[in-house]
Amino acid sequence: MNSESRLKFLKPDDSDDVFAVDRETQNAETTSFVFNPNRNLSLIAQRDKLPIRKFVNDILYCLSNYQTLILCGECGSGKSTQIPQILYEKGYHAKGIIGITQPRRVSAITLAKRVAEEMGQVFGEEVGVACRFLNKFNEDTKIKFMTEGIIMREIFANPLLSEYSVIIIDEAHERNLITDCILGLLKKIAKKRESLKIIISSATMDAKLFRDFYNFRSKSNPKDTSIILTVEGRMYENEIFYLNEPCADYVQSTVDTIMKIHHKEPAGDILAFLTGQEEITRAIRMLREHMELTNVTEDELKVMPMHASLTHHDQLRVFFHTSRNTRKVIIATNIAETSVTIPGIVFVIDCGFIKLNWYMADLQINMLVVTPASQATARQRAGRAGRIKNGKVYRLFTQEEYQKLPNITAPEMRRADLSTTILTLKALGIDNILRFDFPSAPPAKNMLASIELLYALGAIDSEGNLTNDGLIMAELPLSPIHSKMLLESRELGCSDEILSIVSMMQVQQIFSYPKSGQGAITARRQRRNFEVAEGDLITYLNVYQAFVANGCTKEFCGQFCLMYRHLKRVVEIRNQLELMLTKQFKMKFNSTAASTTIIRRCICAAAFPFAAYLHHSGTYRMVRGDTEVNIHPTSCLYTEKQPSWIVFGEVVHTTKLFVRDITTIESPWLLELAQHYYHKTSVRNNQI
DNA sequence: TATCCGTCG
């Protein structure tokens, strides 16, 4: 392969020498690919061709007359790379740093590098980037890209963000929890600092909401303070097709549509959206059967899955160039909506459903549910086609159904667990959380449930004020339950082990689950080396200790079917937490002997709101609310003898309610360690 | 008995 003409991948961390990797991006967690149709032009020529450059004067006019500018435009218009440069060219950097936030690490790093390159600067000097485990900026940095989590930390340190002259919030239309939080905080800052300019990059449907949110017009000040500017930028059109009648099985319809496109349409790759891994596997199996029956070979139609739990190597397969006669078919989850951009897609198939996290306030748990997608999601998916030539989009629902879909997906703020958000805002001195001005106010019952949880954990007192422990919990980059575990471990004498366990809980998965028959059998046998009757968290501790004892090698992970890239991150996270706890909070680390009782008591002392007991029916019941829950098949307790009492980390809803990350406990511990939460009577009543 | 959408510090 000729490395000059090859597009560059960011961050393969398998040492895959086919791809060009550089050191800064090596740490990034996810796959990213930036497709650039003007690759052959010089950087400056490419830059001047971008649609956004035609709007320079409009942008500058808006910014000098209004404090907040809402910028609408399709992706590909060059907003993210050009706006910072335009502001720099006009000298905005003289009054303070130009800050740009991104929802994801890879996009922050990619964009920062691109802008440095276009400006002919050394990356990390005038143009820099900040995200967890990667700080590439210095005191001369004028354009600073960062993740949203980082600017949140900066608000902690400097509540008015006085170093900055401009803040650009990119991808605000995604309406992530943290984006909405920052938008609320920025509104307070903007009122106090009239010199601060704010640019919000958004899609059309949210523009008016954002404009009104930042319009401080009043009787005493009759002038608008915010304005919308729309920049056109699309180069190709997509033709949209709907079904005449609703379909019964969208997985089957996806397969049928793929075959129809393959037989009737000219060359061009296909991207199909389904809701989860299981559907994707089923679709691929059906498609292969179909291909066999109709004598279509893998050389003609190359099928591949794309979802987050694939190994990195398998994720990269979707980027391989295929021969001219091969049509690629990628069947993906919503990872392909934003996080991964696959070049050269001509056909998109959209099942019309999406899997989302919903917070059930009455149970205080998160649930994953499949729901109809929104029009905004359908448009976002459609936009993945038509980037190199006109595309076609097949929606597996009727046009009437499309009209009935909600305009946008409910912002995460309205459907997420708010305990971390509330803790953070409390730490920033916002006393009345219920009256905080969010772009979309969360449901009051969700807030109250989170406040109740924070009270139970001792993060806030009965007046709703942050306690000393609460302040530490707010500062730690962990969920309140995990922070609480660490705080409890000081007294109980097992902080070393709890730190390892908590670090392990910060990554998505530890074990790899190969799909092929023999691999799956090997993986299951290797997991047995670590599994213990005390539950998943103690099992994770065993894995961590074995990984470290064996030199943290890739070979060890290969042998025992562990996710090397995740375990490497665990080590990084553990180091960061240990440093924070010792330097910032003067915590002394201690370790317990061979017995796991102390460790399990410590887990129980933090996870007590999520306790369940074995009901005589053979399933579990949550102590709170008496809801039936089942042990998740990935838990090490799934095949073990079922313990009488457990605490768990999370609930997933598929065919039933399943609990994961389980630890066995003794029922008296709940009364001892959380007597403020569990009255003796209620525990006795629930006992068998 | 039958298996997780995607992010972040």
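This is a predicted model: local features need pLDDT of at least 70, side-chain atom pairs count only at pLDDT 80 or more; totals for chains, interfaces and linings use all residues.
How many nonpolar, polar and charged residues does the surface near DNA strand B have?

**View 1. The surface near DNA strand B, by residue class.** Here you can see 16 polar residues, joined by twelve nonpolar and eight charged ones. Within 4 Å of the protein, 59% of the atoms of DNA strand B belong to sugar and phosphate.

**View 2. Helices and strands that supply the surface near DNA strand B.** Look for helix 6 (148–157), strand 14 (353–360) and strand 21 (650–653), each of which supplies at least two residues. Helix 6 gives the most, with three residues.

**View 3. Polar atoms beside the phosphates of DNA strand B.** At T147, a polar side-chain atom sits 2.7 Å from a phosphate oxygen.

**View 4. P477 beside a base of DNA strand B.** This close-up moves to a base nitrogen, which lies 3.4 Å from a backbone N or O atom of P477.

**View 5. R621 and the residues it touches.** R621 is found in strand 18 (residues 620–622). With 18% relative accessibility, R621 counts as buried, because the cut-off is under 20%. Leaving aside residues up to four places away in sequence, R621 touches A611, A612, Y613 and H615, along with D626, T627 and E628.

Terms used: Residues are numbered from 1 along each chain as its sequence is written. Chains are lettered from A and ligands numbered from 1 in the order in which they are written. Side-chain values use heavy atoms; hydrogens and water are left out. A residue is near a molecule or strand if one of its heavy atoms lies within 4 Å of it. A polar contact is a pair of N or O atoms within 3.5 Å; within protein, one must be able to donate a hydrogen and the other to accept it, and residues adjacent in sequence count only if both atoms are side-chain atoms. Helices (H or I, at least four residues) and strands (E, at least two) are DSSP runs, numbered from the N terminus. Ala, Val, Leu, Ile, Met, Phe, Trp, Tyr, Cys and Pro count as nonpolar, Asp, Glu, Lys and Arg as charged, and the others, Gly among them, as polar. Buried means under 20% relative accessible area, exposed over 50%, partly exposed in between (1.4 Å probe, protein chains only). Contact means heavy atoms within 4.5 Å.
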